[in-house]
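Q: Hi! I have a protein model open and I'd like to go through it with you, bit by bit. Can we start?

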Amino acid sequence: MPEGYTRGTVTGYRCATCGAEVSIDTLYPFKCPDAPAGDSHHVLHPVVAGPDPELIDDPNPFVRYGRSLAWWAFARAHGMTDEQCIALTREVADGFYVTPCAPNELLSAELGADVWVKVEVDQLGGSHKARHLVTILLHLRAAEELGLASKDERRPLAIASCGNAAIAASTLAKAAGWPIQVYVPNIDGGAVIDTLDSLSAHINKCPRREAEAGDPAVLRFREAVAGGAIPFSVQGPENGLCLDGGRTIGWEMREALPAPARVLIQVGGGAFAACMGWGLGPAYRLDTVQTEGGAPLDRAWRLAEGVDAAELGRRWSDFMTPWDNPNSLADGILDDETYDWQADFEVMRASGGRTIVVSEDAVVAAWELAKRTGINVSPTGSAGLAGLLPTAAGPSVQPGERVAIVFSGVFRG
Ligand SMILES: Cc1ncc(COP(=O)(O)O)c(C=O)c1O
């Protein structure tokens, strides 16, 4: 079985780009130690070894699968007991639950297939994003409990986002009483900003500066991290620890489905699909969905066909390049680069999956259909469903085929 595919336990980290190894007891295993300063083309992936540890019978997924998480292995390596890890999880990850995953009658009838939906719109923070972030926070809190870091000298958390990730990050930070800096585009108001305000996040508007290339919010975020802030990011290259907790949603779906299915995941920065694929394992074909208005993963997938996995990261700019001016109703997946593309390639290649690019009409139709299910999901969250709708070339599902999607991201109006 390819590495990273058993639930197992995490024994350390390895850089997907250069192969650098990082030991599990490392205090801040956020970034590849061999990445040159300012180089965001390195990313630490968890190294997993079997056998699967015993599940802990608990409704909170971060307790249930705790023994397979990297932060837990870090804490155990420094002498914390399982009981102490459980107690810390109850404090830091309070409110998470195993979200429902069931066949959806309406979608199955409409598509003539066996369509399963995992509903993640009521998860803490309104999407799956908090799953990526809470294990970073657990790691930081464990370091404090172990006396490896001081509670009195907490460095602020930092995130660049103006969507579900920022809300998830600010929700967790507020509960932990940890200061957070959120870097957003230069926009006025809106539902997300209002929510961030109500969560007492410190909002930094980032206007575009003349003659500066790249996303200004990401650039200001990176400056903050260079100045000492903690990267509280949902993108692996900024903080590989986000790829730890995201796997819980894949483990949950694997337990809910009676047998392997084809799973379609909407992709922005790519961490979600990577974690789903790692959690599910290669028996579950993982297809990624992007829109015609922004499909850098699909472009890289075609360019890198047949290229060995070990070469991808070193040749990053040959394959993964920023999409010019991405645009779609599914505005949460408009990252101009798919930062976790290497892990996405790994799970697609291992499971026989592929990239799917959907038309904007399909994004709109999928959202209309999703609304008929009565689930309050955003157009971003229903974009995976768009990959199941028929196209001019014919149907996108086999009659009776078992397929699964995740409705993540509550519609905020
Ligand atoms: C609801 C929802 N689904 C999927 C995604 C895609 O996740 P990722 O950026 O990890 O690919 C996002 C990202 O913002 C999201 O908000």
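Q: Which domains does the protein chain have in the domain assignment?
A: The assignment gives domain 1 (9–93 + 129–242) and domain 2 (101–128 + 246–407); such bounds come from an automatic or database domain assignment. Residues are numbered from 1 along each chain as its sequence is written. Keep in mind that this is a predicted model: local features need pLDDT of at least 70, side-chain atom pairs count only at pLDDT 80 or more, and totals for chains, interfaces and linings use all residues.

Q: How far apart are the C-alpha centres of domain 1 and domain 2?
A: Those centres lie 23 Å apart. The contact between the domains takes 23 residues from domain 1 and 22 residues from domain 2, where two residues are in contact if their C-beta atoms, placed from the backbone, lie within 7 Å.

Q: Which elements give two or more residues to the side of domain 1 that touches domain 2?
A: They are helix H1 (61–64), helix H5 (129–145) and helix H6. Helices here are DSSP runs of H or I with at least four residues, strands are runs of E with at least two, and both are numbered from the N terminus.

Q: And how do the residues on that side of domain 1 divide into nonpolar, polar and charged?
A: Eleven are nonpolar, nine polar and three charged. In this scheme Ala, Val, Leu, Ile, Met, Phe, Trp, Tyr, Cys and Pro count as nonpolar, Asp, Glu, Lys and Arg as charged, and the others, Gly among them, as polar.

Q: New topic, the ligand. Which residues around the ligand come nearest?
A: There are 20 residues around the ligand, and Gly-268, Gly-269, Phe-272, Gly-332 and Gly-409 come nearest. A residue is near a molecule or strand if its C-beta atom, placed from the backbone, lies within 6 Å of it.

Q: Which elements give two or more residues to that shell?
A: Helix H6 (164–176) and helix H11 (271–280) do. The largest share, three residues, comes from H11. The shell around the ligand also draws at least three residues from each of domain 1 and domain 2.

Q: How many residues of the shell are nonpolar, polar or charged?
A: Seven are nonpolar, twelve are polar and one is charged.

Q: OK, the inside now. How many residues are in the largest nonpolar core?
A: It has 123 residues, and among those touching the most other members are Leu-133, Ala-169 and Ile-265. A nonpolar core is a set of buried Ala, Val, Leu, Ile, Met, Phe, Trp, Tyr and Cys residues joined through C-beta atoms within 7 Å. A residue is buried if 20 or more other C-beta atoms lie within 10 Å of its own, exposed if 12 or fewer, and partly exposed in between, with C-beta atoms placed from the backbone.

Q: What does Ala-169 touch, not counting residues up to four places away in sequence?
A: Leaving those residues out, Ala-169 touches Leu-133, Leu-157, Ile-159, Ile-180 and Phe-232.

Q: Is Cys-242 buried or exposed?
A: Cys-242 is buried, because 29 other C-beta atoms lie within 10 Å. Its place is in helix H9 (residues 242–245).

Q: What about sheets? What is the strand order in the open sheet of four strands?
A: The order is S8-S7-S6-S9, with parallel pairing. S8 and S9 stand at the edges with a single partner strand each, so one side of each has no neighbour in the sheet. Strands S7 and S8 pair over five bridges; two strands count as paired if DSSP finds at least two bridges between them.

Q: Which strands do the buried residues of helix H8 pack against?
A: They pack against strand S6 (157–160), strand S7 (180–185), strand S8 (202–206) and strand S9 (230–231). The buried residues of H8 (residues 216–226) include Phe-221 and Val-225.

Q: What is phi of Ser-200?
A: Ser-200 has a positive phi of about 60 degrees, although it is not a glycine. Most residues other than glycine have a negative phi. Ser-200 counts as exposed, because it has 11 C-beta neighbours inside 10 Å.
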